[in-house]
Structures are given as structure tokens and as C-alpha cells.
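Here is a short briefing to read alongside the model. Keep the 3D view open and follow the points one by one.

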Amino acid sequence: KELNKLIELYDAGISYVDRMTGSLLRILERSNILEETFVVITADHGQQFLEHGCYGHGVGYLYDELIHVPLIITGPGLENKVVGQQVSLLDLAPTILDILEIEKPRAFLGNSLLPLINETNAKVGNSEAISETNVTGHPVGFGGGIKPLLDVNHRKISLRTGKWKYIYTEGEQDELYDLEDDPKETQNIIGVEPEIAAELRARIMAHIELEDKSTPGEEEQIKAKIRKLKSGGKI
């Protein structure tokens with residue numbers, strides 16, 4: 001009963017998005033600028049329907065039903081095609097800049113997908129997609145149950161390649177899935193593929209090390225807050 005209610009709400013949400021997208025395109029068409037406008041449609045997360053015991057999107061899981069999101073780019077000069085290669089939302093901003101012929105800032109981690117769309121041999125996208133969350137909690141019922149909480153000490157990071165998904169969870173057992181043989185991520189084979197697991201875990205550890213180095217320490221954060229207060233005339 002609760003699941004049916006959620007599905008009804010989800011369908012209503014999809015219908016709303018369809019109407020809004022259609023309205024936007026009609027407005028662009030009536031304004032005679034649709035043919036020279038680039039439109040990008042994507043999402044910040046997916047939705048769970050009990051694939052791993054929960055539904056909604058408030059739980060800190062990194063399974064594909066939550067992190068595998070649509071990406072549609074349309075506009076003048078872009079071929080109508082479906083790209084099967086894995087890409088990352090980190091690639092979206094560089095792609096938009098490339099389309100607009102604006103140079104990508106050095107700080108951007110992603111790469112333009114325009115060469116992939118145009119089928120050139122240039123470096124395309126990211127072969128790996130990293131997702132992170134610090135949310136814990138396990139909602140058990142529609143509109144109730146345990147609320148998701150932000151826990152900075154409960155870091156969860158996934159690394160997804162075209163074939164493999166490795167999920168690192170601080171203080172818990174790691175997970176490894178073969179996405180080709182097990183696309184629904186039901187069989188944790190962390191103990192079956194030790195070499196693959198070790199390689200992917202090492203990449204995640206390198207990512208964590210780089211991330212920690214780029215994050216200001218507590219003392220520097222305090223100094224930054226003091227500078228901000230001084231600049232605002234508050235101290």
C-alpha cells in the first residue's frame with residue numbers, strides 16, 4: 001500500500017517534469033530561439049524502489065538506482081545519438097564551456113564530452129565516476145521511520161568503471177560488484193576478486209588522500225572565518 005502510494009507520487013513527479021520540459025521547449029520555439037538554444041537535462045540523484053531494502057533517496061547509499069542519472073544534451077550542430085560510454089557529471093560543466101567555445105578553468109576536474117559526441121579521438125570524459133555521501137540512517141516506512149542524518153565520520157565513497165563498482169564505507173565492509181554480470185548489485189564479490197578489489201580500493205584511498213590535502217585544517221578554517229568577519233566589519 002505504501003509502495004503503491006510512492007509509485008503514484010513518483011509517476012506524478014515524472015508527469016510534472018515532462019510538462020515543465022515541454023513548456024520550456026514550447027516557449028523557446030514560440031520565441032524563435034529553439035533552433036539556436038542548447039538544452040541540458042539531467043538529475044542530481046535517482047530514486048530507490050526497495051532494490052536494496054529502502055525507497056526514496058534520503059539514505060546514504062551509492063547503488064546505481066541513486067547515482068546513475070540521465071543526461072540529455074540537445075542543440076544546434078549536435079548529432080541525434082545515444083552514447084553508451086560511462087561519463088560523469090563532472091564532465092558536464094566542461095562540455096557546456098566547450099560548446100560555447102569558452103576555455104575550461106584549470107580547477108575543473110572533468111573533461112568535455114563534445115569529442116565523444118562528435119566521435120573524434122581526443123580524450124573524452126572520465127573513465128571512472130566517483131560518488132560520495134556522509135548520510136546515514138535507514139527509513140523503513142513512507143513518511144516515517146528513521147530519518148537520514150549527516151555524519152561527517154561516516155564517509156562512503158563509490159568508484160564506478162564501465163564494468164566494476166567498488167563501494168568503500170568507513171568502519172564497515174567494502175563492496176564490489178560486477179556491473180556486467182550483476183547490474184542490480186545484488187552479489188558482493190569483494191572476496192572473490194581480490195586483485196580487482198585491491199586496485200579499486202587503492203584508487204579510492206588516493207582520492208581520499210588528495211581530498212584531505214585540499215581541505216583546509218581546523219586552524220585555517222578558523223582564520224578564514226576571522227578574515228571574513230573582519231572584512232564584513234563585524235569584528
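Strand β9 (residues 164-169) pairs with β10 in the antiparallel sense, over 4 bridges; two strands count as paired if DSSP finds at least two bridges between them. Helices (H or I, at least four residues) and strands (E, at least two) are DSSP runs, numbered from the N terminus. This is a predicted model, where local features need pLDDT of at least 70, side-chain atom pairs count only at pLDDT 80 or more, and totals for chains, interfaces and linings use all residues. Residues are numbered from 1 along each chain as its sequence is written, and side-chain values use heavy atoms, with hydrogens and water left out.

**The β9-β10 hairpin**
- E175 of β10 is the bridge partner of I167.
- The hairpin has 5 residues between its strands, and G171 takes a positive phi near 80° there.
- Strand β10 (residues 175-178) is covered on both faces, with E175 and Y177 buried on one side and L176 and D178 buried on the other.
- Here, buried means under 20% relative accessible area, exposed means over 50%, and partly exposed is in between (1.4 Å probe, protein chains only).
- In a regular strand, side chains alternate between the two faces of the sheet.

**The whole protein**
- The protein has 6 helices and 10 strands, and 31% of its 235 residues count as buried.
- Among contacts (heavy atoms within 4.5 Å) between residues at least 6 apart in sequence, 49% join residues at least 24 apart.

**Around D64**
- D64 lies in helix α2 (residues 64-67) and is buried, at a relative accessible area of 10%.
- The side chains of D64 and R160 are joined by a polar contact of 2.7 Å. Such a contact is a pair of N or O atoms within 3.5 Å; within protein, one must be able to donate a hydrogen and the other to accept it, and residues adjacent in sequence count only if both atoms are side-chain atoms.
- Leaving aside neighbours within four places in sequence, D64 is in contact with R160, K165, L179 and E185.

**Around S131**
- S131 sits in strand β5 (residues 129-133) and counts as buried because its relative accessibility is 18%.
- S131 and L62 are 69 residues apart along the chain, yet their C-alpha atoms are separated by 7.1 Å.
- Beyond neighbours within four places in sequence, the contacts of S131 are L62, I67, K156, I157 and S158.
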